[in-house]
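Reader: Could you take me through one part of this model up close? I'd like to hear about the sheet and the rings packed around it.

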Amino acid sequence: MSKKNIKINSKNIKSNEEVDVIKFVKILCIVIGFCLIIYVVTILLQKGGVFDEGYKKLDSVDAVITHEDILIGSVFNRSQSEYYVAFIDDKTSDGQFLQNIINNYLKQDNVKAIYKVDMNSHFSLEHKSDEGNKGANSVENLKINGATLIKISNGNIITYLEGTDLIYDELIKK
């Protein structure tokens, strides 16, 4: 019986040694993996120029929310009692000219709020038309033909101008 006990104990000892070797290999793999990750990150940072002389960290900039650009659905419900809304198609020369008119208008003192609607937006496409609708009283029946500026007072259109010449006269020549 004693020989059997010795053989059983030697098997237990080998299995414990095998377990220790497996644990050691696992730990070694984890350490090597961690070192590889650190190495790759260092290489990426080096390629990004972080370690170069004169490297400047990019400054974070606070997000600025502008109320200048709006969706067509909010044309009639702005907080001011009286304001302008310009409908701009930047892909046309009139749209670019209208943008310049607005920029010059905003440089003046004591101006009314002006909002811009991008007529290339998915939300605005159904409102593009060959003929404008000067009598619109809601977004649903609003139709825009080219460069257009409307003046809204208390939720109603009081001025409806089509074409950059008329818009220029309204905003700049006043």
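Author: Tyr83 counts as buried, at 1% relative accessibility (buried means under 20% relative accessible area, exposed over 50%, partly exposed in between, with a 1.4 Å probe and protein chains only). Keep in mind that this is a predicted model: local features need pLDDT of at least 70, side-chain atom pairs count only at pLDDT 80 or more, and totals for chains, interfaces and linings use all residues. Residues are numbered from 1 along each chain as its sequence is written, and side-chain values use heavy atoms, leaving out hydrogens and water.

Now for the rings: the whole structure has 2 aromatic pairs (rings of Phe, Tyr and Trp, the last by its six-membered ring, pair if their centres lie within 6.5 Å; planes under 30 degrees apart are stacked, over 60 edge-to-face, the rest tilted). Tyr83 and Tyr115 have ring centres 5.7 Å apart and planes at 85°, so they sit edge-to-face. Tyr83 is in strand S2 and Tyr115 in strand S3, so this pair ties together parts 32 residues apart in sequence (strands are DSSP E runs of at least two residues, helices H or I runs of at least four, numbered from the N terminus). Tyr115 is buried too, with a relative accessible area of 5%. Arg78 lies over the face of Tyr115, 4.7 Å from the ring centre (that takes NZ of Lys or CZ of Arg within 6 Å of the ring centre and within 35 degrees of the ring normal).

Then there's Tyr84 with Tyr105: centres 5.9 Å apart, planes at 85°, so edge-to-face. Tyr84 belongs to strand S2 and Tyr105 to helix H2, so that pair links parts 21 residues apart in sequence. Tyr84 is buried at 3% relative accessibility, and Tyr105 is buried at 5%.
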